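Here is a quick walk through some side chains worth a look on screen. Have the sequence and the structure open side by side as you read.

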Amino acid sequence: MGLSGAGGAGHLDPLLYPWDPPVASGVMDGNDFRPLELPTGLDEALAQAGAAPLEARSLVVSIGSNASAAVMRRKFANYPKPVSAVLPLVRGQHHNIAVGHSAHVSKAGYIAAAPYPLLGACTAVWLSWLDDVQLMALDETEPNYRRIQLDGQACPLLADHGERPEEFSLFTSRWGVLTDGDGGQLPFLEQPALFGLLAGSGTGDLLEEGKYVFGGPPELVAEQLAIPAVQAWAREWFRAAGLAAPVDFDGPGAG
């Protein structure tokens, strides 16, 4: 996920997506981020900041740039209503979930992360607890994703401090995830590596089209991908080249 619809996106280099997560579990408070002892430190930090307690917040599994405090600050700042800048971010492990790339290009010119179900997988994620307004602000920035409810039995989630949440939500791509063209989902890659892989994907004219868009220097590729017409082309090309697979979270555990 990324900065779709956020006015501050231009200040972050798309080639460095998903940017840096915190160095340790803790609480974002404005421009500060305080690593904390878990689990009691979270409740104390929220109380000291005059923010809503954990019990009044919604748990969202954060992948991609939503695990970056800098990105979340920008998303909250760009929302038309006042949004608290106090947000817990905690490391976790998510089972039966893997992460690849959404089959679309973001407004800022990168190809964002997207989860998909994969039995037996274990993925490092970040857990964020958002108050009601923060959740509305985050939803506003994710037009290419839908937020679904999962349960901890089908997709077990383990937080750093030992908690195993029973219910939580996750953003899943409306466009599906990128594949290798043979039915296998692409793993999450750095943007230059992903561009290079896509430049060699497709067949016939579709291969030439991909080389034309994705085959240049990464800086120029990202510059092209920031053009709305190219973004629309990319979505269609992913589909036509057989590089987009739907994601089905409607089995056990999906909301």
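Tyr-17 is buried in this predicted model, with a relative accessible area of 3%. Its ring pairs with that of Trp-19 in an edge-to-face arrangement, 5.4 Å centre to centre and with 80 degrees between the planes. Trp-19 is buried too, at 13% relative accessible area.

Trp-19 also pairs with Tyr-110: the ring centres are 5.4 Å apart and the planes sit at 90 degrees, so this pair counts as edge-to-face. The Trp-19 and Tyr-110 pair links distant parts of the chain, 91 residues apart. Trp-19 lies in the segment before strand S1 (26–29), while Tyr-110 belongs to the loop between strand S4 (86–101) and strand S5 (113–130). Like Trp-19, Tyr-110 is buried.

Those two pairs are among ten aromatic pairs in the count. Elsewhere, Phe-195, Phe-214, Trp-233, Trp-237 and Phe-238 make up one aromatic cluster. If you like a charge on a ring, go to Trp-175: Arg-235 lies over its face, 4.8 Å from the ring centre.

Now for the cysteines. How many disulfides does a search of the whole structure find? The search comes up with zero. Cys-122 is in no disulfide, and the nearest cysteine sulfur, in Cys-155, is 12 Å away.

Cys-155, at 7% relative accessibility, counts as buried because the cut-off for buried is under 20%.

Ala-137 is buried, with a relative accessible area of 1%. Leaving aside residues up to four places away in sequence, Ala-137 touches Phe-76, Tyr-79 and Val-83. Pro-82 is 55 residues from Ala-137 in sequence, yet the two are 9.6 Å apart in space, C-alpha to C-alpha.

Here are the accessibility values side by side:

| Residue | Relative accessible area | Class |
|---|---|---|
| Tyr-17 | 3% | buried |
| Trp-19 | 13% | buried |
| Ala-137 | 1% | buried |
| Cys-155 | 7% | buried |

Methods:
Residues numbered from 1 in each chain as written. Predicted model: local features only at pLDDT ≥ 70, side-chain atom pairs only at ≥ 80, totals over all residues. Heavy atoms only, no water. Disulfide = S-S within 2.5 Å. Buried < 20%, exposed > 50% of the residue type's maximum accessible area, 1.4 Å probe, protein only. Phe/Tyr/Trp six-rings, centres within 6.5 Å; stacked < 30°, edge-to-face > 60°. Helix = DSSP H or I, 4+ residues; strand = E, 2+ residues; numbered from the N terminus. Lys NZ or Arg CZ within 6 Å of the ring centre and 35° of its normal. Contact = heavy atoms within 4.5 Å.
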